[in-house]
Every structure is written in C-alpha cells, then in structure tokens.
Amino acid sequence: MVQETSTDLVRINARKTDVFDIFNCRYYVGSNPYLDTGALVFDFAVVENRKPLPIEDYITRVGDRYPHLREQNYESYAHLFAQTVSEVGKLDMNLHFHRWSVKPHSKYTKIAVQALHERTIRSVVYLVWDWFEAINQDDDFFWDDQLVTLQNRFRQSVYGGPTVYALLRTAYEKGIPTFYLWDEGLMQYGWGKKHIRGVATTFNCDSHIDSDFTTRKDDCKAFLHTLGFPVPQGEIVYSQKEARQVAKDIGYPVAVKPVVGHKGIGVTADIKDVDELEVAYDRALEAIPENEPARIIVEKSIKGKDFRLLCVNGRFVAATERHPASVVGDGDSTIWELIQKENRKAARLDSPTSPMSKIIVDDAMEHYLEEQRLSLKTVLDKGETVHLRKVANLSAGGMSINATHTIHDDNIILAQDIAQYFRLTCLGIDVITEDLSESWKAGNFAIIEINAAPGVMMHLNPAVGESVDVPSHILETFFKSGLDARIPIMTFNKISVEELQTTIDHILLQHPEWTIGAVCRDAVFVNRSQKVLRDDYNSNIQSLLRHPKLDLLIAEYPEDTLEEDGMFYQGSNLVVLDNPSETEMMLARDVFDGSTVVIKKEKDVSIRRKGLIEDYTLGEDEPFTRVYLKEIGSIL
C-alpha cells in the first residue's frame, strides 16, 4: 500500500486535527497531462506525523453510502479518495463524470478527476476531504444539506439546465467537441466551419424572425388558421371588460393566456364563469414582461388531454402527454404534507436528469384548490387523487408520459406540415385532444401554441414510458458523427513564427481558398494576417475555433503551457514533436485513428501513421520542416 505523506512543510492546507492534506488545485477546461478531458487536478498527501485509520475503515464508511465502492480494491488512500470524489461528483444526479487518474510521487499523489464546472468540483473535493476527516474522528457526517447545496450550484451553472446538459452529455458520448462562449452566453458544438452555436434547442442557423414569431401567439394562431390548421376560436383583449365580452360571445369554458409567454406561465384553462375569468386575467397580466404591452388571449377551452409534439429539422420525432401535478391521499396527511412527501421523491430531485420537477405551491394552485372546495390543510381520503392545477405545466410539477407510439399518422403529418413553415431546428407543437391515436380530422383537436425552444427532458426521460433520444436527433441534424464536427488540427510542441508562416504558406499553395488559423507563443495568424495575441493562451485557440470559416487549425503547445493551462481541445490529426519532454508526449496520446505522429529526437525521426512506424535519421543539412511538411498531405 502506498502511504502518501505531505511535503517538507508538514501541512499546507490541512487543519490542526486533519490526517489528510489537499493542495495545488488546478482546473483544466480540456485535455491536460493527467486526463484527456476537462478535470480538476490536485495533490493529496497524508500529513507528516499523523496516522490514518486502516483503509478498510474508510472503505466501510464510504460503502455505507455508495455500496458498489465497497466491492473494489484500492492500492492506496489516494486511489480511494479519487474514486470517492468521482462518485460524489455525480451529485446523485447520474451525471456522466466517471474518469479519474492517480499519479504517485515521493511525498504526495497527483489526483485528476473529470469535471465540467469548476466551482462545483472544487466543493466536491473539499466535501470528501471533510468526510474522510469525520471518519478519522468517528464523527457523524451530515450529507443531505451539503449535497443539496452542491446540486443547486451545478444546476444554476451554465451547464445545469436540463436541455443544455442533455445536449452536452450526448455530444460528449458522440465525441462532438463542445465549449461555452462566456462573452456570448452560447454553447458551441463543433469547431471552425463545422460549428453551430446556440442556447438550449435554439441555434444560430435558426431564423430569429421565425423564432420571434412563435412568441407572438396571436399572430401565430392567425397564421395557422389561415393555413387551415385547427386552432381554438378566440380574440386578443386589453381589459377585463373586453375579456368578459369575448368569453360571453364564444361561450364558456374559455382559456386565458398572455400573448407573449412561455412554459405555461400565466395560462389558465377551463374557466367556467366570470369570477374565474377575472382571476385568470390578472394572473395572465402579471406574467407579461414589463417591456411588453398588456395583451391577453381569451379563447375557447378545448376539453381533452395535453400533448407536446416535437419536430426536429421538420420531422416528427416524439410525442408526450402531460398531466397536471397531483397528489394521492393516505387518510392522514394534508394536501400540503402530501406535496412535501411527493417533492422528496428521487424522481422529483429537479436535477438536469430527473423526470419531474418539484411541485410548486403558488396562488394559482391555491385558487384551483378553492374551486374544488379544498385547501392545503385538507386531509384526503386514502387513495383519493386531487389535481393541483388546471394546466399541465411540467416546470411546476406536472408529469410526462411518452405517447410517441400512440400517435395517428394524420397527426404526424399535421405536425410535420406545421414545422415545414418555420426555419427552426426544433419546434414544439402543443395540442389538446381526447385521444392522440385518433386523426385530427375527426374533430375535437386543437393546436394551442407552438414553441421555438422546446425542452427535451420530457421526451428523453419521461416519468412514464420509454425514452426518446431527442438530443441525438438534434445533434445528428448537424453532425453524422463526432468526426463531422471537427476540422483538421496540427499540434506542435515547439514551432517558431517563421516556421509557422512557412507551414501556412505551404498549405495555402495547395488550398488557396482555405482559411487557416495558427497560434504559437509569439503570434496569432489567420492565413498570412497577424492578429492580436492575448495573454490567456487558450483564449486565442478558442477564438480561432469559433471562426465560422476556419478550415484548419495549427497550434503550439509547449510544456509550460500544458502544465499551466492544459489544452483547449482534445485530439489532433497531425502531431509534430521536436525533442519532446515527458509532459509534451501527451500530445501523441491525444490523437485519432488514422492520425500521424512525427517525433524527432536529436537527428533521429520516427513517423507513426495508420499503425505503421517509419524510422530514419536526418541528413547533415536536412531541415526538420521538410519532414513534417511532407506529412501534411496525409491529413488534408
């Protein structure tokens, strides 16, 4: 067993009673000397003159919470610590982080753990450290509150939204490179001329005019009606007086919603009288953004079930039935208590991967309970089911049921016909009907609204029924595989400005129409034009890969940059190493099948391509540039 002890400083970050010490934490956004993915890297040691418990004691306590970790063997405390951090880093949310590495040194061990969000993974490391120290002291360790804090931290990050995370995870599994553009507030998928950018399911290739049009529910409804699609009768009103008149003209029950809105906010259905209408009107008014005029839709309320039909790239891919939040009585608990019990279920963790959100208690819920002559204090009979809302709003605790296999062909055609009129990657179509397996032509079918940025989790992870892999449908619209999302990349451990310019010129002679981005420690180029070199080295790489016309990237990654910042990208098509250090050899680690690696040590050159190795010695005056320039053609 390896015993890791602290440095000659005896204690760096450890507290007086601590047995373990954590220090030199560094976060890498991409491939680094320790893992070929984004990771937090830190040093782990046993404090000098402190004796830890037998490793079996830690395994037992860790195994009480994570039983599968108890079944594994660990070479050292560091291996157990790394595995535990990796497991806790999933946050009980089934996140996809599972990779880690351990590299022993004489007085400490270097640990790397896969991560996506720096603040969250740092907190995870310190949480596990506190846990191990509590085990040392035989103290109780209160997990729940601390874990909830970490879950919220990740959920509130740019990666924590359900749709964003689902797309990121799918991209990772498909080998599609992704990174967040902080200045733009967008996620980028792919590199250079291959890339797309977007927010959730809205992308830069979508028509912003069409996207905006879908939020203008009145105009959109009129457009659908003109095309002959079934929409409910109704009008826009500007006052309660007008709302009462329209409701009287079209007849109750009616539905009320703001003209501009999303996620069912401010929507009330099945309004049966004037009193309910006035309450619903006020609720819709409150949901309108301050910069928007006070316009409210009053329309005929259609009886039936609520469905979301999803089209990707003009094709139908999924249908989900949505039920309003509800509770089932146990004969003892109040409705409030039943809601709290329901919200504690794992399925309602309200995480990026959970099938249901927590049930939200608000005025709309209490008003609907009053309509049913109930309140939050009412005790329900055992087995009695009470719906808490009229609207099947999933973000307020509603339930999703996969209905893809039940939909009638006519309804598929209807959804696709609608999608063809919008230049949007994703389109959600909300409909009301008693039975989705019956054709819309039979009547009692209405299109309630359409959405340009539909969520995917209701389809990917429904509360009931099989999953539909919507993120794959979306990403495959742009990339058939991970390779289709990439442009060729050449990586050097050292290259001068002059050699960089020579390489650019050599490629442009063969491909004069190309746009080539190149960066070394001393300069940045786009073709022959020199650009501003920023101090943050990887930001230069990001800017080039963000270039929408970039055909090829050439980058230098010397040892000091690899240790300090790591790489921004993972994987190269051609790697050229000139007397590389041990750290720089990681560049040869991160290559694709079919890549070429050229390694020069003194005068000896080794070329590895497609499983073959060619070795030879440079001539007396033969420049190294001549060797790798000949290899460029194999990757272009």
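Modeller: Let's take helix α10, residues 274–286 (helices here are DSSP runs of H or I, at least four residues, numbered from the N terminus, and strands are runs of E, at least two). With 13 residues at 1.5 Å a residue, α10 should span 18 Å, and its end C-alpha atoms are 19 Å apart, which agrees. That expected span is 1.5 Å times one less than the number of residues.

Keep in mind that this is a predicted model, where local features need pLDDT of at least 70, side-chain atom pairs count only at pLDDT 80 or more, and totals for chains, interfaces and linings use all residues. Residues are numbered from 1 along each chain as its sequence is written, and side-chain values use heavy atoms, leaving out hydrogens and water.

Now, which way does the helix face? E276, L277, A280, Y281, R283 and A284 of α10 are buried (under 20% relative accessible area, with exposed over 50% and partly exposed in between, using a 1.4 Å probe and protein chains only). Seen down the axis of α10, these buried residues fall within an arc of 165°, so they line one face; the arc is taken from the directions from the helix axis to the C-beta atoms. An α-helix has 3.6 residues a turn, so residues three or four places apart point the same way.

Turned away from that buried side, α10 carries the exposed D275 and E286. The cover over its buried residues includes strands β9 (234–237) and β12 (296–300), plus helices α9 (240–250) and α12 (363–371), where contact means heavy atoms within 4.5 Å. Finally, D273 caps the N-terminal end of α10, with a side-chain oxygen 3.2 Å from the backbone nitrogen of D275.

Key:
Polar contact = N/O pair within 3.5 Å; in protein donor to acceptor, adjacent residues only side chain to side chain.
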